[in-house]
Amino acid sequence: MLVIKNAKIYTCSGKVIEKGDILISYGKIKEVGVNLKCSCNNVIDAEGMVVIPGIIDAHSHIGGFGTDMSDQDLNEMTKNATPEVQSIYSIDTGSKMFERVRRAGITTSAIAPGSGNVVGGLVCAVKSYGNSIEDMCIKNPVALKMALGGNPKGVYGKRNQVPMTRMGIAQVMRETLIKGKEYMDKRAGAKDDGSSMVPYDTGLENVCRVLRREIPIKVHCEQFDMLTTIRIAKEFNVEFTLDHAWGAGDFIDDIVDSGCRGVIYGPIGVPLLPGECGKIDIGVLVELDKKGVNCAIMTDGPILNPEVIIIQAGEVIRFGGDIERVLNMLTINPAKILGIEDRVGSIEEGKDADIVIFKGMPAVDTNATVAYTIINGEVVYKK
C-alpha cells in the first residue's frame, strides 16, 4: 500500500484537487480525496508538488530502434504492405529507452512499426516497466499502422517499385483495404461445409479488424497527405488517427468534419524541409481541441528525447492552451485514442496506479522536473 499526500492533483477526469491524497493498493488507485485516513507507513509527502496521471505517448518506436537508426526491428521493408507483422515481437524490454521514458514521466507508449511501408503492421500499447513484454503490454493491437509521404516513397522509389509517388501510396492503401473487404465477404459467405472457405490469411485478418472498426488505422501523414487519409477512411468507413499532422492548421475544417479518432501531433523538433515537413504548427491543437477533436502529443521516440513531450505541451500552452486541456493531451486523450482509458489516463478509483509527481508545474514552469514516476503502484523512478 502507498499513500501520496498533500499534492495538487490534476485528475484529468474533470477535477483538480488543491491539497489531495491518493491511496494505492495492489497496483490500483483505491481512493482519491482530501485528508484520507490510512495507517500505511509507505507515504510520499507531496506538499507543494503537482500530481498528474502517468503520461501516455501515443506514437513511439522505443525498444525497436537502436542508438544507430540503421539498427532497427520495426520496418519490415520487404514489400510495401505488411499488415501481418506485429510490433510486439520487436520490442527489447531491456532497452535503456524504457529507463529514459520513466525519468520523463511516460508510463505507457504506443509502439508502432516504422513508416517505411505503406502498411506497416499492428501497434501495441505497453507500460514503461515490467518483467516481460506480456507483463508490460496493456493492449495488443491498438491500431494498424499506415504511412504516407516521403518515407515509403523514399524506400520504394529508389527500387523503382510501387510506390514511388503519392498516387501509388494511395493505391496501395486502397488495394489493401479492398483485399480485406473481399476476404471478409468471402469468409462470411462460405458454405457451412467449408467447401468454399478461402484460406486463412493473417495479414487480411488484421485488415478485417480495421474494416470491422475494432481498431483504427494509425496514419503517418502531414500536410495535404492528411486529406488523402480522410478520403480513403471515409470511402471504407474505417476509424483513423492523423499522426504527426504537421500543417494541420491548413485543414482544420476537413479534420473536424472527418470525425477522426484523434490527432497525434509531433514532434516539433524536426528540420523545416520543403514539402511535408515545411510547417510545424503545434498551436493548431488549441483550435482543434476547442472544436471537439481528440488531440494528443507524441515524441516519436527515440527520434527525440522523451522529455520533449512536456516541452511540446508547454508550446501548446504558449499558443493559448488551457493547462487542464493540455494535460489531457498527455494523459486521458491518448488513452481514449488507444482504447485503454478503462485502465490508464486519469486518476480515478479502480484504475491502474500510474502516476507522476512533479516538482513544479509541468508544461508551465520551465524548471519543473519529475520527482517520482509510479507504475502499477510501484515507484519506478525517484529523482
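This is a predicted model: local features need pLDDT of at least 70, side-chain atom pairs count only at pLDDT 80 or more; totals for chains, interfaces and linings use all residues.

Student: Which sheet are they in, and what is its strand order?

Tutor: An open sheet of eight strands, ordered S6-S7-S8-S9-S10-S11-S12-S13, with mixed pairing.

Student: Why are S6 and S13 called edge strands?

Tutor: Because strand S6 (55–60) and strand S13 (295–297) each pair on one side only. On average, neighbouring strands of this sheet are turned by 25° against each other, ignoring direction.

Student: What packs on the sheet, touching S10 and S11?

Tutor: Helix H6 (residues 225–236) does. The direction of H6 makes about 170° with that of strand S11 (240–244).

Student: Now Asp45. What makes its link to the side chain of Asn6 a polar contact?

Tutor: The cut-off is 3.5 Å between N or O atoms, with one able to donate a hydrogen and the other to accept it. The side chains of Asp45 and Asn6 are 3.2 Å apart at that contact, so the distance passes. Asp45, which sits in strand S4 (residues 43–45), also has a side-chain polar atom 3.1 Å from the backbone nitrogen of Glu47.

Student: Which residues does Asp45 contact beyond its neighbours within four places in sequence?

Tutor: Lys5 and Asn6. As for Asp21, it is 24 residues from Asp45 in sequence, and their C-alpha atoms are 9.3 Å apart.

Student: One last stop, the second largest pocket. What makes a residue part of its lining?

Tutor: A lining residue has an atom within 4 Å of a pocket point. For this pocket, 17 residues do, and the closest to its centre are Glu307, Ile310, Thr366, Ala368 and Thr369. Helix H9 (308–318) and strand S15 (369–375) are the elements that give two or more residues, with H9 giving the largest share, four residues.

Student: How many of the lining residues are nonpolar, polar and charged?

Tutor: Nine are nonpolar, three polar and five charged. The pocket holds about 410 Å³ of space.

Definitions and conventions. Residues are numbered from 1 along each chain as its sequence is written. Side-chain values use heavy atoms; hydrogens and water are left out. On a 1 Å grid over the protein atoms alone, a cavity is a set of points where a 1.4 Å probe fits but cannot get out, and a pocket is an open set with protein on both sides within 12 Å along at least five of seven lines; lining residues have an atom within 4 Å of a point. Grid points are joined across faces, edges and corners, and a volume is the space filled by probe spheres set on the points. Ala, Val, Leu, Ile, Met, Phe, Trp, Tyr, Cys and Pro count as nonpolar, Asp, Glu, Lys and Arg as charged, and the others, Gly among them, as polar. Two strands pair if DSSP finds at least two bridges between them. Axes are lines fitted to C-alpha atoms, for helices over the stretch in contact, and angles run from 0 to 180 degrees between N-to-C directions. Contact means heavy atoms within 4.5 Å.
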